[in-house]
Amino acid sequence: MKFIQYDSLGSTNVEAAKLAQSGETPPFWVRADVQTAGRGRRGRDWVSPKGNFYGSACYAYDDSPQDAAKLSFVAAIAVADALSAYTLTTQPKLKWPNDVLMDGRKIAGLLLEAQQGRVIIGIGVNLVSHPPEGNVQPTHLLEHLAPEALNTDEPEFTGADGFLAILAAKFDAAFRKHKAYGFSATRADWLARAGGIPGPVTVRLPEEEFMGQATDLLESGALRIALADGTVRDVHAGDVYFGTGS
């Protein structure tokens with residue numbers, strides 16, 4: 001696996017796309033110490049100070065855009081597994097569609113972009129700091145390292161470079177499993193790490209908001225929600241807040 005690293009970039013996704021277009025052969029990763037134009041879902045800014053992880057994986061992928069979108073679940077699984085490689089006080093949980101949480105707070109976000117014959121998966125993980133606020137309350141990895149991990153001469157956590165090595169291996173394994181066994185296997189792995197399913201949920205769409213019970217992740221990647229009146233809605237995109245205090 002090739003790692004291409006920079007001190008500073010506007011966006012690792014943009015750079016990965018440029019490299020692929022200029023002939024760099026997937027799979028490869030692009031990582032930057034700092035991003036000056038990091039992006040999240042729905043065009044949101046991703047604050048990118050030095051010390052955290054900002055990287056993009058570029059993989060060859062010839063399936064449909066609908067199937068490519070399901071790789072966001074693969075990436076979320078990989079991030080959760082990479083974090084779990086450290087000695088933690090709590091385990092990461094996955095929030096639909098592609099957030100990673102620790103103690104209910106957001107520690108990572110993903111941005112997937114399908115292109116001709118390839119897919120680019122941007123991943124941001126708060127390792128040593130986090131922004132003061134967000135649509136979900138944020139956190140960072142150092143807040144969740146167990147005391148024994150912080151007090152060793154050679155701590156497990158060695159920064160963004162070390163995290164990339166772990167994450168790349170976890171992602172490659174999850175990607176290969178997805179290609180070999182399909183979304184059914186990815187869905188099972190995602191649900192095993194998910195928080196809030198089953199459970200109460202609030203869904204905020206551009207023109208409406210509703211509440212219900214999240215019951216399942218469907219083969220399409222949609223979140224199934226049972227409403228109080230007995231109807232069922234399948235949500236394919238939107239902001240979702242789990243718990244009774246949403």
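In this predicted model, helix H3 (residues 71-83) packs against helix H5 (residues 160-181) at an angle of about 140°, and their axes lie 8 Å apart. The two helices are therefore oblique to each other, and H3 passes H5 in a right-handed crossing.

**The contact of H3 with H5**
- On the side of H3, the contact is made by Leu-71, Val-74, Ala-75, Ala-78, Val-79, Asp-81, Ala-82 and Leu-83, while H5 contributes Phe-163, Ile-166, Leu-167, Lys-170, Phe-171, Ala-174, Phe-175 and His-178.
- Sorted by class, this contact of H3 with H5 has 13 nonpolar residues, along with 1 polar and 2 charged residues.

**The sheet**
- An open sheet is formed by 7 strands in the order S1-S2-S3-S7-S6-S5-S4, and the pairing is mixed.
- S1 and strand S4 (93-95) stand at the edges with a single partner strand each, so one side of each is left without a neighbour in the sheet.
- From one strand to the next, the twist averages 20°.

**Strand pairs**
- Strand S1 (residues 2-9) and S2 run parallel and are joined by 7 bridges, with Ser-8 standing opposite Val-34 in S2.
- Strand S2 (residues 28-35) is mostly covered, since 7 of its 8 residues are buried.
- Strand S5 (residues 99-102) pairs with strand S6 (residues 105-115) in the antiparallel sense over 3 bridges, and the bridge partner of Met-102 in S6 is Arg-105.

**Helices on the sheet**
- Helix H1 (residues 12-21) lies across S1, S2, strand S3 (53-60), S6 and strand S7 (118-125), and runs at about 140° to S2.
- H3 also packs on the sheet, where H3 touches S4, S5, S6 and S7, and its direction makes about 140° with that of S6.

Technical notes: Residues are numbered from 1 along each chain as its sequence is written. This is a predicted model: local features need pLDDT of at least 70, side-chain atom pairs count only at pLDDT 80 or more; totals for chains, interfaces and linings use all residues. Side-chain values use heavy atoms; hydrogens and water are left out. Axes are lines fitted to C-alpha atoms, for helices over the stretch in contact, and angles run from 0 to 180 degrees between N-to-C directions. Helices (H or I, at least four residues) and strands (E, at least two) are DSSP runs, numbered from the N terminus. Angles under 35 degrees count as roughly parallel, over 145 as roughly antiparallel, 65 to 115 as roughly perpendicular and the rest as oblique. A crossing is left-handed if the near helix is turned anticlockwise from the far one by less than a right angle, and right-handed if clockwise. Contact means heavy atoms within 4.5 Å. Ala, Val, Leu, Ile, Met, Phe, Trp, Tyr, Cys and Pro count as nonpolar, Asp, Glu, Lys and Arg as charged, and the others, Gly among them, as polar. Buried means under 20% relative accessible area, exposed over 50%, partly exposed in between (1.4 Å probe, protein chains only). Two strands pair if DSSP finds at least two bridges between them.
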